Amino acid sequence: MLDSQVAAFTLAAGVLTIAPGQDTMLVVRNVLRGGKPDGVITTFGICSGLFMHATFSALGLSLLMTRSAMAFQTLKTRGGLLTSCG
């Protein structure tokens, strides 16, 4: 006795979860361009960003970023500077 909407949602969520996304394409591009070391560095950067986002969300800082354009711009600029140093 499964609701058809729940089944449709579960199917769609499952397909979207296993489908490669932008981060996968970025890793593939960097591996093809610079080899395994570039792929590892890219993967580390992506995972670090995901970890920081999850941490900030848990601390409620994501709400602050959505409410303050200046705080969000500062975070983007500092994050961009950190990632471009490599």
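**Around Asn30**

Modeller: Gladly! Let's start with Asn30, which touches Gly35, Asp38 and Thr42, with residues up to four places away in sequence not counted. Please keep in mind that this is a predicted model.

Biologist: Thanks! Where is Asn30 found, and why does Asn30 count as buried or exposed?

Modeller: Asn30 is found in helix α2. Its relative accessibility is 7%, and buried means under 20%, so Asn30 counts as buried.

Biologist: What makes the link between the side chains of Asn30 and Thr42 a polar contact?

Modeller: The distance between them is 2.7 Å. A polar contact needs a pair of N or O atoms within 3.5 Å, one able to donate a hydrogen and the other to accept it, so this pair of side chains qualifies.

Biologist: And Thr42 itself, why is that residue called buried?

Modeller: Thr42 has a relative accessible area of 11%. The limit for buried is under 20%, and Thr42 is therefore buried. The place of Thr42 is in helix α3.

Biologist: Which residues does Thr42 contact, leaving aside its neighbours within four places in sequence?

Modeller: Those are Leu26, Val27 and Asn30.

Biologist: Let's turn to Leu59. How do you know whether Leu59 is buried or exposed?

Modeller: Leu59, in helix α3 (residues 36-59), has a relative accessibility of 61%. Exposed means over 50%, so Leu59 counts as exposed.

Biologist: What does Met65 contact, neighbours within four places in sequence aside?

Modeller: Met65, found in helix α4 (residues 61-67), is in contact with Ala71, Phe72 and Leu75. To call that contact, heavy atoms must be within 4.5 Å. As for Leu2, its C-alpha atom is separated from that of Met65 by 39 Å, and the two residues are 63 apart along the chain.

Biologist: Good to know! One last thing: which elements have the lowest and the highest mean pLDDT?

Modeller: Helix α5 (residues 69-84) has the lowest, at 74, and helix α2 (residues 22-34) the highest, at 94. For the protein, the mean pLDDT is 85, and 91% of its residues reach 70 or more.

Conventions: Residues are numbered from 1 along each chain as its sequence is written. This is a predicted model: local features need pLDDT of at least 70, side-chain atom pairs count only at pLDDT 80 or more; totals for chains, interfaces and linings use all residues. Side-chain values use heavy atoms; hydrogens and water are left out. pLDDT is the predictor's confidence in each residue, from 0 to 100. Helices (H or I, at least four residues) and strands (E, at least two) are DSSP runs, numbered from the N terminus. Buried means under 20% relative accessible area, exposed over 50%, partly exposed in between (1.4 Å probe, protein chains only).
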